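Trainee: I am new to this structure, and I would like to understand how its labels are reached. Could we look at it together?

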Amino acid sequence: MRSHQLRHVAGHLLTPLLMCLGMALAYLGAFHQPEPNHLKVAVVGTSAQDMVLAQTMKDKAGDALEVVTLPTRDDATARLRDRTLSGAYIPDARNPELLVAKANSDTTAMAVELVFRQVAGTRGVPMTVTNITKTASGDPTGQGLFFLLVALSIGSYGSVAAIGAAGAGLSMRMRAAIGLATSLMVSVIGIVVAAPVFHIVDHDYVAIWAMGWLYSAGIITVGIGLHTFLKRWTTLTLMVLFVMLNFTTSGGIYRPELQNGFFGSLHAFWNGAGFVEGARSLLYFDGAAGFAGRIASLFGWLAVGAVVLVVAARYERRNSPAPADLERLQRPAEAEEEMEEAVGV
C-alpha cells in the first residue's frame, strides 16, 4: 500500500517538476542576458562626418546594430512613430540629442541610450534624451500591458482545467459555449482592473477589452480541445504554449531586438505578442504601427482553437464513453481529483 502511495505521489510531482524545468529554461533562456540583436538605430544628418559616424558604428557593432542615416529630425520621428526604428541620434558639437519612443519598449530605449551615451562620451559632450511618446498615467514604464497579459493568461488557461474536468460529461458544444462565456468574464476582469483601478489603459477601452476577449478565447478554445486528448497533461501543455513560450516572446519586458533569434522569431506571430504589441500600437501609436497584423494573429489563434474543438468533438463522437463511464465522469469528487491533477497541485 505504501509503495503504491509513493508511486501515486511521484506521479503527481512529475507535473510541477516539469513546470519548474520548463519555466527555468524559458525565462532564463529569454531574459538572462539581454543584449542588442539587430537593434535598429539612425544617425540624423547628411554631412560626411555623419556618414562616417554611422558606418563606424555599424562596423564596430556587427549584428548587434542596424545603423542607417536619415536626413532630418522629422524623418527620424516618423520612423520612431511607425515603430521601424528604436532610436535616432542627432549629432551636435555642443548638445547632441537622442530620440527614443519609450512606449514602444522602455528596455529598448535604455539600450539605445547606453549605445549613444558611449558615442557622445567619446566626444566629451552631454547628450539630451527626448522621448517622443507618452504612456498612460498608471504605466510610466509602458510594461503594465505585459502584466495585464499575465492576468488574462492565467485566468484563461486556469479555466480550461475547471471546464475540462468538471464539465467532462457535457457535450463539446456546451463546453465551448462555457469557454467563450468564461473568456468574456476574464476579459471584463482584465479591463476593469487595468483601466479604472490602475489606469494602465486610459483610452480605447472597448477595443482593449475586445482584444482581451479575443486573446482569452483563443487560449480557452485551444485548451478545451486539447483536454480531450491530453487530460491531466493539458495544463502543463498550456503552460508551455501560453506561459513559457508566450510571456517570453510577447515583447512586454524585452522586445526581439534584445533577445536571441529563437524568441525573437516567435514574437512575430505568437498570441501574447499579438495582444501586447497590438495594444501598444493602439494606445500609443494611433493604431498605425502594425495593429492590423497583430489583430490578425489573435484571430488566427482563435481559428486554431476552433479547428482543435472540431477535431476533438469528432473524436469524442467516435469514442463516446459507455453509460457507466459517463456516470463516473459526472461524479463531482472524481472531477475535482482530475482538476487537481490538471493544475499540477
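Mentor: Let us begin with a definition: the expected span of a helix is 1.5 Å times one less than its number of residues, and helices are DSSP runs (H or I, at least four residues) numbered from the N terminus. This is a predicted model, in which local features need pLDDT of at least 70 and side-chain atom pairs count only at pLDDT 80 or more, while totals for chains, interfaces and linings use all residues. Residues are numbered from 1 along each chain as its sequence is written, and side-chain values use heavy atoms, with hydrogens and water left out.

Trainee: How do you know that the span of H6 agrees with its 26 residues?

Mentor: The 26 residues of H6 should span 38 Å at 1.5 Å a residue, and the end C-alpha atoms are 36 Å apart, so the two values agree.

Trainee: Why is Ile189 called exposed?

Mentor: Exposed means over 50% relative accessible area, buried under 20%, and partly exposed in between (1.4 Å probe, protein chains only). Ile189, which lies in helix H6, has a relative accessible area of 55%, and therefore counts as exposed.

Trainee: What makes Tyr27 and Phe31 an edge-to-face pair?

Mentor: Rings of Phe, Tyr and Trp (its six-membered ring) pair if their centres lie within 6.5 Å, and planes under 30 degrees apart count as stacked, over 60 as edge-to-face and the rest as tilted. By this rule there are 12 aromatic pairs. Tyr27 and Phe31 form one of them, with 5.7 Å centre to centre and 80 degrees between the planes, which is edge-to-face.

Trainee: Why does Phe31 count as buried?

Mentor: Phe31 has 17% relative accessibility, so it counts as buried, whereas Tyr27, at 24%, counts as partly exposed.

Technical notes: Helices (H or I, at least four residues) and strands (E, at least two) are DSSP runs, numbered from the N terminus.
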